[in-house]
Amino acid sequence: MRSKLWPELAGFAALALVVAALPRFISDFRARELAIVGMYFIALLGLSILTGYSGQISLGNGAFMAIGGYTTAVLSVNGVYGHQIRDLWTIPIAGVIAGVAGLLVGVPALRLSGVYLALITFGIAVSFPQLPKKFDHFLGGTTGKILNLAKPPFGLATTTNNWMYYLTWGIALVLLGVAWWLVRGKTGRALKAIRDSEVAAASSGVSLATYKTFAFGISAFYAGVAGSLYAIANAYVNPDVFPIILSVYLVVGLAVGGVDSLVGLIFGAGLIYFLQNHADTVAGWINHLPALSLDPKQPGIPSMIFGAVLIVVMLLLPTGVGGLVRRLFGSLTSRLYTRS
Amino acid sequence: MVLAAFTWTEFAQQLAAGIREGAIYAGLALAIVIIYRSTRVINFAQGEMATFTTFIAWSLMNHGLSFWTAFPIVLAIAFAGGVAIERVVIRPVEGAPVVTVVIVTLGLALLLNGLMSVIWGGANRQFHGPFSTRTIDVAGVPISVQDIGIVAVSVGLVGLLALFFRFTKLGLALRAAAVNPESSRLVGIRVGWMLALGWGIAAVLGAVAGMMIAPVVFLDPNMMQTILLYAFAAAVLGGLDSPIGAVVGGILLGVTITLLGRYVGFIGSTLKLPAALMLILVLLLVRPGGLFGRVAVRRV
Amino acid sequence: MCAIVAAVAVTSADARPVATPGVTADEIHLGSSVPLSGEAAIAGNVARGIEAYFKYVNDKGGVLGRKITFTYLDDGYDPGRAVNNTIRLIQQEQVLAVFSSLGTSNNLAVRKLLNDAKVPQLYVSSGATTFGRDYKKYPWTIGYIPPYSEEGELYGRYVVKNIKKPKIAVLYQNDDYGRDLLGGLKRGLGSKAKSIVASVGYDPTSADVQPQVTQLKASKANVLMVFAFGKFSLQAFNAVSRLGWKPQIFVNDVSSASALMAIVPQNAANGSISIVFGKDPASPLWRNDKGVRLFQSILRKYGSSVNSRDLKDGYFTAGMATAYTMVDTLKRAGKTLTRQSVMNAATHLNEKGNPFVLPGIVLHTTPSSRFPLTQVRLQRWSGNAWHPFGKLISAKPG
């Protein structure tokens with residue numbers, strides 16, 4: 001494992017360089033789009049630790065994003081004892097609160113296996129949007145909560161979009177480093193052991209409960225940070241900002257990207273964003289095929305395109321893009337996780 | 001919200017509505033369980049498949065056919081569709097990770113939903129069911145004939161399926177293929193086609209559920225979305241590998257949630273789904289396989 | 001002296017005015033964000049109606065020599081995507097104004113950023129009162145349709161005037177849409193507000209509202225207010241019929257399309273009362289109406305991917321009505337188009353003759369009265385059609 005260190009560090013540095021330099025070459029709005037991709041990426045990082053590493057499927061991480069987003073909203077708007085909190089400082093708090101929620105979910109999750117866990121977490125994704133409607137005095141209901149527009153701090157001379165870009169990808173790189181460090185060490189080995197064989201892991205003294213719960217907490221923390229950033233970027237939250245389908249999209253991004261590949265996760269995050277917001281571009285590509293002329297404005301066509309793309313991609317690449325990349329480029333790729 | 005006072009008449013009516021809701025959940029939950037038992041796949045497209053076949057029924061009836069003439073045609077189309085989906089879309093990803101198959105069924109759901117909007121449009125439409133909308137007096141309580149009919153058809157269908165699985169060779173082969181594919185192949189069962197058959201049967205169950213509920217809730221592409229969520233809940237409640245569980249779970253869930261939503265002000269309409277989740281979570285903690293299911297317990 | 005004049009002439013030739021985004025010598029660019037996917041996708045037809053109308057106007061020469069380009073983006077009724085779309089419209093598409101975006105929460109989500117960027121947020125497709133009322137804080141925003149709250153008030157006043165010993169049951173969607181209607185109803189009832197004997201909210205995630213209607217019937221009310229959206233309204237009529245209940249029903253405007261009323265049990269629908277301000281293309285009332293004929297010919301010729309169903313779809317008509325007002329606004333803003341001049345025109349409307357709304361309606365605004373459409377008529381359903389009665393009444397707040 002030691003010999004893989006230099007390629008991975010080099011890959012990380014290359015990524016950091018690209019992130020830093022990119023805004024100079026792209027439009028302002030594109031920077032905002034990449035910022036949102038970054039938020040999905042952060043959420044997917046967390047989800048990959050949970051699913052790719054500890055082998056627990058969660059169809060509910062959108063709810064953890066919502067917890068993070070609402071934490072930021074409540075702290076910024078309602079404040080604490082009337083004192084509104086600056087949006088930046090709410091990000092770690094949102095992550096921690098979401099993380100605690102994740103730990104709380106992780107405990108009963110221990111008793112559930114595979115499909116049952118997937119469906120229960122899906123139930124969480126379905127149920128969570130109802131809470132702001134029930135407790136609407138505090139959480140705003142469907143009217144939602146309106147935050148102050150995000151602005152670069154300390155009077156930095158940059159646009160809001162660039163600021164969100166750097167903020168998001170800065171945090172993403174830090175969290176990427178944290179995830180890398182986690183899975184390289186004892187935690188990662190324990191989680192991998194659990195994923196490969198729970199019986200063997202437990203027999204060799206690995207505390208299943210601790211690590212599995214911890215994985216839930218970590219993935220929820222990441223999702224909470226992502227949700228917080230998303231709330232700041234939109235300056236608005238309501239249940240429809242974190243809909244049920246968001247949890248599904250996260251799993252889509254994970255599956256299509258490839259559960260344990262860095263390149264795959266970035267690709268997955270990009271795909272989630274792209275398919276939602278650039279359906280007309282995809283329709284344009286499809287219309288090059290003979291006998292097809294799709295109008296992306298016709299109700300129903302965007303859904304059909306999204307669904308068809310998902311099916312085709314999964315049929316062609318069952319292990320996701322990450323699997324494809326690994327097959328093509330072998331050990332040269334900067335990989336987040338080493339497979340022993 | 002101003003809650004109306006309690007009357008026994010109203011309670012009986014709410015109970016009847018709950019049983020009827022539960023019958024619909026039971027039908028869909030059974031479809032989910034059949035597919036899960038045979039292919040280990042959670043079919044997220046189950047609701048959209050049901051709505052799609054209901055739209056086909058609507059089209060046939062729009063062209064002049066009566067409900068009972070269209071009914072067997074739609075079931076045949078549903079069966080063929082289910083088999084085709086299994087062979088074309090599910091089979092290629094049979095060995096793939098669970099996540100992959102989940103995504104495929106989700107993609108299928110999106111595709112079908114969009115297709116319905118494109119073909120038939122998103123507006124609500126009336127669906128003329130086979131049952132009259134009269135009410136009859138049951139021990140002093142006005143109950144709708146339609147509700148009784150829905151429950152009767154659902155129960156009847158479940159009964160037929162039970163007989164099929166128990167007493168026919170094909171049913172036995174299906175069960176064998178689900179439980180032990182390897183040994184089944186050894187005795188000459190075409191396991192691949194058994195899986196497709198399971199999907200076909202599930203599609204038929206969905207079609208019936210759709211045609212039963214459409215007269216009540218009106219037909220539109222999104223008709224089954226909330227119902228599917230409750231059907232998943234019912235399937236988990238009953239145990240994902242237990243057909244009996246699906247039926248019992250469905251009815252139980254329908255009644256409990258309707259009554260809770262009506263008589264517990266805090267839950268009301270807003271927290272019905274979360275309440276269902278809580279109930280099932282608590283149950284699963286006590287019985288990890290649901291009411292009737294079995295989950296292997298490893299003691300380490 | 002000549003030198004000074006020459007100097008001034010030279011500098012003013014260089015001092016070209018800053019170009020207004022979305023306006024060139026021959027083009028005006030407008031934008032909108034609407035649901036084209038998801039549960040609310042049918043409402044997205046409003047934008048498709050607008051698109052067809054603008055193409056028609058362009059064919060006739062455009063507005064004061066400029067053709068209108070209309071960019072509308074799908075937000076799936078997700079406010080996060082609406083924000084993203086709106087920022088894209090402002091920054092990437094560089095539109096002159098954003099108009100007719102759909103949904104109360106979506107418009108709330110983008111209101112601050114549009115006002116901050118001084119981009120007009122015109123003719124918001126939502127009946128929440130705030131879009132017309134809070135202009136002091138949000139001067140670049142203006143509403144369009146009669147507020148839901150005022151609609152409820154009209155029903156309340158009607159009950160007080162026309163129904164003896166009313167006992168009112170209310171079925172309402174449990175969000176601001178339904179609660180606005182309910183609040184307005186209570187205001188309209190005034191001292192008779194106690195005649196509301198039961199009110200039950202339902203969540204839009206419900207599968208069916210029969211349990212709620214069953215509960216309401218048990219209150220023995222003789223009036224039922226259906227403040228429900230789309231399929232829930234249909235289910236309510238279904239339940240009322242099945243339960244053998246015969247109250248006087250009031251159904252809110254959004255759910256009153258003829259196409260919907262025609263498919264519910266008529267024994268429950270007959271006698272229902274609602275308000276109306278637009279022309280419903282599915283209604284026999286307007287079968288030979290010039291405005292509806294125009295609507296259908298425009299849609300046939302200029303609509304993209306439309307079919308025969310769409311010719312009877314009121315969402316398309318609503319879009320054209322808004323588009324007509326938008327063109328009217330642009331004309332009033334004059335040849336020198338700036339965002340400010342557009343806003344001024346929008347707050348000084350006096351529009352008669354919109355062919356897609358009831359005859360006699362005047363869309364009128366002032367900078368402190370930002371509700372363009374406030375006139376409605378009451379109508380009663382019988383014999384498979386709506387029959388307006390009485391004259392135009394005001395649904396204006398305050």
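What is the strand order of the open sheet in chain C, and is the pairing parallel or antiparallel? I get four strands in the order 2-1-3-4, and the pairing is parallel. I keep in mind that this is a predicted model.

**Entry 1: the sheet in chain C.** I looked up the edges next. They are strand 2 (67-74) and strand 4 (121-122) of chain C, each pairing on one side only. Then I checked how strand 1 (residues 27-34) of chain C connects to strand 3 (residues 97-99) of chain C: the two run parallel and are joined by two bridges. For C:Leu30, I find C:Ala97 as the bridge partner in strand 3 of chain C. I also looked for a helix over this sheet. Helix 2 (residues 45-59) of chain C lies across strand 1 and strand 2 of chain C, and its angle to strand 2 of chain C is about 165°.

**Entry 2: chain B against chain A.** How many residues of chain B are in contact with chain A? I find 40, and they meet 39 residues of chain A. Helix 4 (98-120), helix 9 (225-238) and helix 11 (272-286) of chain B each supply at least two residues to this side of chain B. Helix 4 of chain B gives the most, with 17 residues. Sorting the side of chain B that touches chain A by class, I get 32 nonpolar, seven polar and one charged.

**Entry 3: chain B against chain C.** Last, I checked helix 1 (residues 8-39) of chain B and helix 8 (residues 210-217) of chain C, which pack at about 170° with axes 10 Å apart. I therefore put helix 1 of chain B and helix 8 of chain C down as roughly antiparallel. Here B:Glu10, B:Gln13, B:Gln14 and B:Ala17 meet C:Gln210, C:Pro211, C:Thr214 and C:Gln215. I count this contact of helix 1 of chain B with helix 8 of chain C as two nonpolar, five polar and one charged.

Terms used: Residues numbered from 1 in each chain as written. Chains lettered and ligands numbered in written order. Predicted model: local features only at pLDDT ≥ 70, side-chain atom pairs only at ≥ 80, totals over all residues. Pairing = 2+ DSSP bridges. Contact = placed C-beta atoms within 7 Å. Axes fitted to C-alpha atoms, helices over the stretch in contact; angles between N-to-C directions. Nonpolar A, V, L, I, M, F, W, Y, C, P; charged D, E, K, R; others polar. Parallel < 35°, antiparallel > 145°, perpendicular 65-115°, else oblique.
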